[in-house]
Amino acid sequence: MSTVLRTRCTVDADGRITFRLSPPEATRPELVLVLRPKKGRPEETTHTLGLEPEGGEGEFHAVLEPHPRLAEGRWDVYLRSGPDTVRERLRPGPRDVRVLVDGALRDRPSPVAVRVPYTTKDGFLAIRTWLRTAHAEAGPLVIADGAMTVRARLHGAELADEAEVLLRLRADRDTVLTVPARPAGEGGGTFSFTVAYGELTGTGNRIWDAFLRPAADAPPVRIGRLLDDLADRKGVFVYPGVTVDGAVVRPYYTLDNDLSVEVTAAVRTGGPPREPGARGT
């Protein structure tokens, strides 16, 4: 294809995505969504959408309905112009994702499914998806007096009186710091928690991952920030480091937009930590 083909897309409040494009010389065009495999692994999961004519100017459209829910990951978007043609990656045109900006204000049933169209680092159209049984959406994060306080909201599960937040050491999952999850605001699923940085320091560098246990017998729910229009938050929400007991403590969002806390033994410059082996394009 000699010309750059750009695809417009619109997201509605139910998670439905409508794609519009004008493929040249298309016979039976279709969109092919490909779940990006882990490095060194072959493609295993695809989802195909038929493109239907729209108007008389050679424009086609396809609708990605809320069901079936897409597996969590990054889906690259391709065009196949006809049955015997090679698929080609698409570049993004205008993206209307306004309904996603306040997505955290709506109650989300279980499973919590999220879709965010975005532009990859190399300029192609992709969709970032999350699919979780339950999700704790982080809101404002305040750093003061050697501690961080986070306000969050639980989706897809009920918040019990005995709810607690777990900070789990990534290198040793048996090492866990527990703090109370205090009810906050009028919504039944809204809570806040405070973590003293001095409780996270120790020997060497370490990373703590944040979870909510919504009830005494419930499995932990990852705390993160998924419910808006940002597919990649790590380089956008950069929090300052605080020196405590000779270490620098800094909260950050991972490549999956989950909340973690990094502890480094010495002051270093730059942005949030790099996660070995992670792919964020």
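Start by selecting D209: this residue is buried, at a relative accessible area of 11%, where buried means under 20% relative accessible area, exposed over 50% and partly exposed in between (1.4 Å probe, protein chains only). D209 sits in strand β18, residues 206–213; strands (E, at least two residues) and helices (H or I, at least four) are DSSP runs, numbered from the N terminus.

Before going further, the ground rules. You are looking at a predicted model, where local features need pLDDT of at least 70 and side-chain atom pairs count only at pLDDT 80 or more, while totals for chains, interfaces and linings use all residues. Residues are numbered from 1 along each chain as its sequence is written, and side-chain values use heavy atoms, with hydrogens and water left out.

**Around D209**

Now show the side chains of R170 and R222. D209 makes a side-chain polar contact of 2.8 Å with R170 and another of 3.2 Å with R222. A polar contact here is a pair of N or O atoms within 3.5 Å; within protein, one must be able to donate a hydrogen and the other to accept it, and residues adjacent in sequence count only if both atoms are side-chain atoms. Leaving out residues up to four places away in sequence, D209 also touches others, including L166, L259 and S260; contact means heavy atoms within 4.5 Å.

**Along the strand to L212**

Stay in strand β18 and pick L212. Is L212 buried or exposed? L212 is buried, with a relative accessible area of 0%. Beyond residues up to four places away in sequence, L212 touches a list of residues, among them A136, L154, F191, P219 and I223.

**Out to D107**

Next, select D107 in the loop between β9 (91–96) and β10 (112–119). D107 counts as exposed, at 61% relative accessibility. Apart from neighbours within four places in sequence, D107 is in contact with R153 and H155. Its side chain joins that of R153 in a polar contact of 2.3 Å.

Which residues line the largest cavity? Select P66, R69, L70, A113, V114, R115, T129, W130 and L131. The elements giving two or more residues to this lining are β10 and β11 (125–132). The space inside is about 40 Å³. Then there's the second largest pocket, with about 360 Å³ of space. Of its 20 lining residues, the closest to the centre are A13, D14, G15, R108 and A113.

For the record, on a 1 Å grid over the protein atoms alone, a cavity is a set of points where a 1.4 Å probe fits but cannot get out, and a pocket is an open set with protein on both sides within 12 Å along at least five of seven lines; lining residues have an atom within 4 Å of a point. Points are joined across faces, edges and corners, and a volume is the space filled by probe spheres set on them.

**Zoom out**

Colour by pLDDT, the predictor's confidence in each residue from 0 to 100. The mean is 90, and 92% of residues reach 70 or more. Over residues 276–281 the pLDDT is below 50, though this stretch has 16 contacts in the model beyond near neighbours in sequence. Where pLDDT is low, the predicted coordinates should not be read in detail. Overall, the protein has 0 helices and 22 strands.
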